[in-house]
Amino acid sequence: MSVATVPFTDIKRADGSTLPKRPDGDGSVQVQLDPNLKIGNAKVFAVYGKGGIGKSTTSSNLSVAFSKLGKRVLQIGCDPKHDSTFTLTKKLMPTVIDVLESVDFHAEELRVEDFVYQGYNGVMCVEAGGPPAGTGCGGYVVGQTVKLLKEHHLLEDTDVVIFDVLGDVVCGGFAAPLQHADRALIVTANDFDSIFAMNRIVAAIQAKSKNYNVRLGGVIANRSRETDQIDKFNNVIGLKTMAQFPDLDVIRRSRLKKATLFEMEDSPELRAVQDEYLRLAAKLWAGTDPLHAMPMKDRDIFDLLGFD
């Protein structure tokens, strides 16, 4: 991965001096990935949302839904916790950073089976991991992961790539998957904190869309029987909810059983959730129009959803 500075166009100040133009938003310092590291022809989705909102559960079940539609799917976990693919593979997998470290970062010594694992229903799984706490950059990890996948020709026969990204951290490093994605999906619950995080993620996607192909795809309401707060926010900034999943005990139990929802004991409520995932996958595969949302100021969110 290259983190070299891209050419800037200087901005003229009123006093005649110049200010370097930032590549990805005013005042930003973003990780620049090697422009040659293109994913290829796969449809690429990046899943973001507040920490603990259920992104990994959502990503894994969406991956299975795509595979049930006959698509070849690769899920990439971008979190030092490296449990994105846990329900697909039934155990924690070594991360790309782990295996690179084991060969002293001589990537040419790695085999495909050292960092790519087959999960439920043929979903291919990679855990990018993350740098040690307080050091390094998440963008480097994402770049190295995509580079390895390209070198081993693993993206050529892939239909769908899903990046499952750490929490609501939208710094240049963990915004790096947006540089590869076609659509960014935001997982949220029907509560203030989740929506506040969603607003910041919208701002990050908007910044990346200036120089990359990524566009907002829509909102996935998770752990939410009602969506009144989400709907109110969406209507103001220009978002749409694409799918809704209630807070069901079977979803909680699926994580405990190391299983996706498509492997759990059949029931009417479970079938409804499975059908919603299949419907979402079919909609995403067919293609969605980009959403042009405008994030709100923090104070305005408090006024819209906050406290009387």
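**Rings, burial and cores in a predicted model**

Reader: What makes Lys43 count as lying over the face of Trp285?

Author: Lys43 lies over the face of Trp285, at 5.1 Å from the ring centre. A charge sits over a ring if NZ of Lys or CZ of Arg is within 6 Å of the ring centre and within 35 degrees of the ring normal. This is a predicted model, in which local features need pLDDT of at least 70 and side-chain atom pairs count only at pLDDT 80 or more, while totals for chains, interfaces and linings use all residues. Residues are numbered from 1 along each chain as its sequence is written, and side-chain values use heavy atoms, with hydrogens and water left out.

Reader: Why is the pair of Phe192 and Phe196 called tilted?

Author: A search of the whole structure finds five aromatic pairs. In the pair of Phe192 and Phe196 the ring centres are 6.0 Å apart and the planes stand at 35 degrees, so the pair is tilted. Rings of Phe, Tyr and Trp (its six-membered ring) pair if their centres lie within 6.5 Å; planes under 30 degrees apart count as stacked, over 60 as edge-to-face and the rest as tilted. Both residues belong to helix α5 (residues 192–208), four residues apart, about one turn of the helix. Helices (H or I, at least four residues) and strands (E, at least two) are DSSP runs, numbered from the N terminus.

Reader: Is Phe192 buried or exposed, and how do you know?

Author: Phe192 has a relative accessible area of 16%, so Phe192 is buried. Buried means under 20% relative accessible area, exposed over 50%, and partly exposed in between (1.4 Å probe, protein chains only). Phe196, at 23%, counts as partly exposed, and so does Phe302, at 27%.

Reader: How many disulfides does a search of the whole structure find?

Author: The search finds zero disulfides, a disulfide being a pair of cysteine sulfur atoms within 2.5 Å. Cys78 is buried at 3% relative accessibility, and Cys125 is buried at 0%.

Reader: What makes a set of residues a nonpolar core?

Author: A nonpolar core is a set of buried Ala, Val, Leu, Ile, Met, Phe, Trp, Tyr and Cys residues joined through side-chain atoms within 4.5 Å. The largest such core has 53 residues, of which Ile76, Phe163, Phe233 and Leu239 touch the most other members.
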